[in-house]
Amino acid sequence: MRALVWHGKEDIRCDTVTDPEIEHPRDAIIKVTSCAICGSDLHLFHNFIPAMKPGDIMGHEMMGEVVETGSEMNGSLKKGDRIVVPFTINCGDCDQCKRGNFSVCERTNRNKEMADKAFGHTTAGLFGYTHLTGGYPGGQAEYLRVPFADKTHIKVPDSLTDEQVLFLGDIFPTGWQAAAQCDIEPTDTVVVWGCGPVGQMTIRSAVLLGAKQVVAIDCIPERLSMAEAGGAITINFEHESVVERLNELTDGKGPEKCIDAVGLESHVSMGQPDTLLDRAKQVVMLESDRPHVLREMIYVCRPGGIISIPGVYGGLVDKIPMGPAMNKSLTFRMGQTHVRRWTDDLLRRIEEGQIDPSFVITHTVGLEEGPEMYKVFRDKKDSCIKVVLKP
Amino acid sequence: MAFPSNMTRSERDPKVLRSGPSSLSSSDRLARNLGWFSIGLGIVEFIAAEKVTGALGMRGKENLVRAYGIREIASGVMTLSVDKRAGLNSRIAGDALDIATLATAIRPENPKRDNAVLAMLMVAGVTLLDFVATGAHTVRHIRHSGERRSYSDRSGFAEGVEASRAAARKKLGDLRTSSVNEGPPTKKTSGADSV
C-alpha cells in the first residue's frame, strides 16, 4: 500500500509499504477513505517532538471502511462498517477509560516503559505520533490497523459525508474539549489564540456552548476571516495590541476564559521579543517549546479565570509567569483529547445540522500529493487551513 | 532495496518497500549541505586556526579565525534548523566578512598569496550557492496578498452564526436558571454540561 512516511526532519515521502495485518484479536483493518494533515503533524515534520523513527507512518486523523476484524470484536464492529478512528487509542476497560479519561488510557501504549520514564506515568497510545505513545503506524495511508478496535472507533451513518464526520477523530472534539473545560457561563468572554483548524473548531464550540463573546487572535488574514465567519471578534496581533484590545472588549477586566490553540510553535516576530529568545533557545536545545501564548494568556486573563490548553506542548518551557498565575487564582486545564467522551454528542449535533465541520477544509488532494501539502500547510501557502487526503 | 528503517519496525508493522517523492526540495537539500559544510569549516577554523593562518600567510590572526569558526558553527546550526532563511542570511553576511579578510592577504609580499586567491575563489563559489539557497527559501516565505482567499462565508453553522449563538445562549441561560431554582449549585465537572 501507499503511505506518507517520516524519514527525518522535513522529509515526508509517499512510499510503498507492506500492508498492515491483524496482530491481536481486538484489531481491525480499515481501508482509509479520507485522512487529514493536522497542525500537530507539523511538530513531527519539524522534528520538535522526540522519539520518531525513520519509517514511521504519519497521520492521526482518518476514517474508512472496516475490511477485516479480529476474533474479539464482541459484536461491536464488523466488515463493511464505516468508522472514524479517534486519534487516542483506548481499551475501554482500565480505570482511566472507565472515568472517561480516554487519552490517558493505561493499557494501549505498547511502549509503556518509555512513557513511564518520560512522563512519570504512561498515557494512551496514539496513531502516528512517536514511539513515546506506542509507535503505532498512522492513518495517512491506504490501510490502517486499528488496535483495540472494538472500543477505538466511532460508527458513522452513511447519510453523512466523509468531510462532515472526519474531524470527529481529532480536531472537532479537541476544540470542543478546549471550550467545554472552560465551564462557559452566559456572561463569559472566551478568547482563542490561534485560528488554525483546532482554533476554528474551538471558536464554533464556544459559540455552541453559549459564550457571550468569542475573540480570536491570529495574524493570517484568511484564518481571521474564517474565525469572523464563525462568530468571533478578531484581533490581528501584527496590527494591534492584544492586551489593549482585550481590555477594551472586557471593560478593562480581562477575559474570563483563555484558550491556547497554538501550542509549542508560536509565531516568532520582532514585535514579541520573548519569541525571538525562545527561538534562539530552541535552536541550541535549551528549550524545546515556545510558550509565548501561555505567557500572554496568564497576563491578560481575568483573576479567577480559566486557562485551557488544547495546543500541543512537547517538553520544556521557560519563563512561565507562575507568580501572576498563582496570585490571580487561575485554573489550568489541558491534555490530549478524550475523544470518545465527546463524540456521541458531537455526532448528534452534526446529524441535527447544528454544525458542519467541513467548513474548515480548504484543500483536498490525493495521497501522492501529501509530501508537497505538508509544505503548503506549513508555509500557509495558497490560503491553506486544512488539508484532506484521499488515499 | 533494503531500508535500514525497516529494522526498527515491529514484526508485523508496515515496512518500506519502495520510496516515493519527498517533501525535501532541492533547495532544502542544498541548505542542509551548506549547514553541515558551515559546521565542518567552523570546527576546522576553531581547532586548527594556526594551520589556517599559516596556509594563507595570515600569521597573527589566529583569534580572528577562531571567532570566524564560532560564527560558522552558529550559522550552520541555524541553517540546519527550520529557520533556514535566517541561517542562510547569516552565512551570506559571513561570506562578505571572509572575502574582506582574505582580501587583506592578497598582496604581492605574501608568499602564500596563491593560497589566499584560491581560498577567495572558493568562498565566492560558496557565496553563490548561499544566494541560490537563500533566494529559494525567500520565495517560499513570500505570501502575495493577491493569493489570499477570504473565508468569510464559512461559518459552519447551517442556521447562521447569530441564530446558533442565540439558541445556545438561551439553552445555557435556561440551564443556569433551573439549577438556581433547584438549589445551590453542585460542583461542576469540566464540560459535563451538554447544552
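Helix axes are here lines fitted to C-alpha atoms over the stretch in contact, and their angles run from 0 to 180 degrees between N-to-C directions. In this predicted model, helix 3 (residues 62-80) of chain B and helix 4 (residues 84-103) of chain B have axes that come within 7 Å and cross at roughly 155°. The model also places 59 residues of chain A in contact with 53 residues of chain B.

**Helix packing in chain B**

- Because angles over 145 degrees count as roughly antiparallel, helix 3 of chain B and helix 4 of chain B are roughly antiparallel to each other.
- The crossing in which helix 3 of chain B passes helix 4 of chain B is left-handed.
- From helix 3 of chain B, the contact involves Tyr68(B), Arg71(B), Glu72(B), Ser75(B), Met78(B) and Thr79(B), while the residues they meet in helix 4 of chain B include Lys84(B), Leu88(B), Arg91(B) and Asp98(B).
- By class, the residues of this contact between helix 3 and helix 4 of chain B comprise 4 nonpolar, 5 polar and 5 charged.

**The side of chain A that touches chain B**

- Among the elements of chain A that give two or more residues to this side are strand 1 (2-8), strand 2 (11-17), helix 5 (171-180) and helix 13 (370-379).
- Strand 2 of chain A gives the most, with 7 residues.
- This side of chain A has 24 nonpolar, 13 polar and 22 charged residues.

**Strand pairing between the chains**

- Strand 2 of chain A pairs with strand 1 (residues 16-18) of chain B in the antiparallel sense, over 2 bridges.
- Val17(A) has Val16(B), in strand 1 of chain B, as its bridge partner.

Note on methods. Residues numbered from 1 in each chain as written. Chains lettered and ligands numbered in written order. Predicted model: local features only at pLDDT ≥ 70, side-chain atom pairs only at ≥ 80, totals over all residues. Helix = DSSP H or I, 4+ residues; strand = E, 2+ residues; numbered from the N terminus. Parallel < 35°, antiparallel > 145°, perpendicular 65-115°, else oblique. Left-handed = near helix turned anticlockwise from the far one by under 90°. Contact = placed C-beta atoms within 7 Å. Nonpolar A, V, L, I, M, F, W, Y, C, P; charged D, E, K, R; others polar. Pairing = 2+ DSSP bridges.
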